[in-house]
Amino acid sequence: MKKIINGFLPVFLIFACQNVLAEPFKIYGADFTGDEKGSEFCEKTIVAIQKAVYPREVSTYSTDWRGLDHAISHKEADLVIAGAAAYRRNIHSGLRDLLTSTAPLSPDPDHVMGSVIYVLAQDDRIFSLKDLKGKILGTNKQGAYRGELTVLKELHDQGYDPYNFFSKTLYLGDDVKARLKALEEGRVDAIVLNACFAENKRAKGEPDPTQHLRVINEKRNPYSACVTSTPLYPGFSILIPPHLDVTTVNKIYTELEKANKTMPKGYEWKIASDFTLIDNLYRDLKIGPFAHLNSQTMQEFFEKYKNYFFIGLLAALFYIYHSIRITFLVRRRTQQLQNSFDRERQLKDRIQTIDGKYQAFRSKQEVSQLCSAVAHDMSQPLSSILLFADTLKQMLSKKRKRFIGRFL
């Protein structure tokens, strides 16, 4: 039995190894494995990766950003080639950047991708970003990095509410012709295209479909020869998931470094150094890794507004102190006023009593004065009468005596 097992074990291991090696090396991406798939830069990149993972076969899958996030979170992708937004959005899944692309018109890997807002050249309603408020925007897909997020971030930076700026947004797919047609037909007021789209067309000698259009919110920067309406963000990145072994990662890095010498002029895989712009975009728009900012915990709320909280607490304490002090002063003033009223009432009663006595005294005084006046006025005639009567009495007395004397 042991000999049988020992005989079958090598065969089993060989078949197991063959099955492992037979599994394709899955590369997931969005624009790079989609719109850019036919470019020489993309083809040589895939060839270099194929050399690094040989004998496994390379399979590429193109999807939107939601499918990309699903592949990363479910560990379906062995390698991801996408914009730096995918990297920063999935950094907590263990995703790490290896190399970042450059372009002929954008040689700095930290500043490659951006967006341009176009309107019809003859449209006399729209000349600046603020003129787009309440208008209809046409772009590729909802939540697309260059199609929507970079524009929303620019609106935020200029002080507008990015989620209530446009009256409507039409999502017309990745075909640029569909967006251009919608603008020409008047179904949208403005469209969003990738930065360097027009410049690349002209560089290849192809007709420029934006000749009859006008750029809104035009920006020129030292990092690129392209006109943009938003800042430039890092380019496509080679992103490695945590389950990819170190040996394979080093082989991929080595093969891409070698491939840089054979890439079309201006295209190269370099090491990017700054993804701050991407982080700020997600933080300001409160999406992706910063979506939790839309539902803050009490601790986060306190940390964010603690200065205002302390100011409010001091204001509340001052208000309580002020209310107590005012209540005390009102009560004291009310008591003082009540005492004043009581004193005034007492004084009024005393005044009424004194006034009554005065009125009685005055009445008596008036009667006395009247009697004195009457007595004074009657004293002279009565005195005259008395004197006349007394004189008359004396005269009668003398005549009586003389009359009696005659008869005696």
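Mentor: Start at Ala272, which is in contact (heavy atoms within 4.5 Å) with Asp97, Thr100, Pro109 and Asp110, leaving aside neighbours within four places in sequence. The model is predicted, so local features need pLDDT of at least 70 and side-chain atom pairs pLDDT 80 or more, whereas totals for chains, interfaces and linings use all residues. Residues are numbered from 1 along each chain as its sequence is written, and side-chain values use heavy atoms, with hydrogens and water left out.

Ala272 sits in the loop between strand 11 (268-270) and helix 9. Here helices (H or I, at least four residues) and strands (E, at least two) are DSSP runs numbered from the N terminus. Ala272 has 10% relative accessibility and therefore counts as buried; buried means under 20% relative accessible area, exposed over 50%, and partly exposed in between, with a 1.4 Å probe and protein chains only. Ala272 and Ile252 are 20 residues apart along the chain, and their C-alpha atoms are separated by 17 Å.

In soluble globular proteins, nonpolar side chains tend to be buried together. Away from its neighbours within four places in sequence, Phe25 is in contact with residues including Ile49, Val53, Leu79, Leu244, Thr248 and Ile252.

Next comes the packing of helix 2 on helix 8. The axes of helix 2 and helix 8 (residues 246-259) come within 8 Å and cross at roughly 140°. Helix 2 is therefore oblique to helix 8. Axes are lines fitted to C-alpha atoms, for helices over the stretch in contact, with angles running from 0 to 180 degrees between N-to-C directions. Angles under 35 degrees count as roughly parallel, over 145 as roughly antiparallel, 65 to 115 as roughly perpendicular, and the rest as oblique. Helix 2 contributes Thr45, Ala48, Ile49, Lys51, Ala52 and Val53 to the contact, and helix 8 contributes Thr248, Lys251, Ile252, Glu255, Leu256 and Ala259. These residues divide into 7 nonpolar, 2 polar and 3 charged; Ala, Val, Leu, Ile, Met, Phe, Trp, Tyr, Cys and Pro count as nonpolar, Asp, Glu, Lys and Arg as charged, and the others, Gly among them, as polar.

Lys51 belongs to helix 2 and is exposed, with a relative accessible area of 55%. Lys51 and Lys251 are 200 residues apart in sequence, with a C-alpha to C-alpha distance of 8.5 Å. In the loop between helix 2 and strand 2 (58-62) lies Pro55, and the peptide bond from Tyr54 to Pro55 is cis, with omega near 15°.

Back to helix 9. The axes of helix 5 (residues 145-157) and helix 9 (residues 276-285) come within 10 Å and cross at roughly 70°, so these two helices are roughly perpendicular to each other. Among the residues making the contact are Leu149, Leu152 and His156 of helix 5 and Ile278, Leu281 and Leu285 of helix 9. By class, the contact has 7 nonpolar, 3 polar and 3 charged residues.

Helix 5 is mostly covered, with 11 of its 13 residues buried. Arg146 is found in helix 5 and is buried, with a relative accessible area of 12%. Beyond four places in sequence, Arg146 is in contact with Asp31, Met113, Gly114, Ser115, Val192, Asn194 and Phe236. Just after helix 5, Gly159 takes a positive phi of about 90°.

Two further backbone details remain. Most residues other than glycine have a negative phi, and most peptide bonds are trans. Cys196, not a glycine, has a positive phi of about 75°; Cys196 lies in the loop between strand 8 (190-194) and helix 7 (197-203) and is buried at 6% relative accessibility. Asn217 has a positive phi near 60°, is placed in the loop between strand 9 (213-216) and strand 10 (236-240), and counts as buried at 18%.
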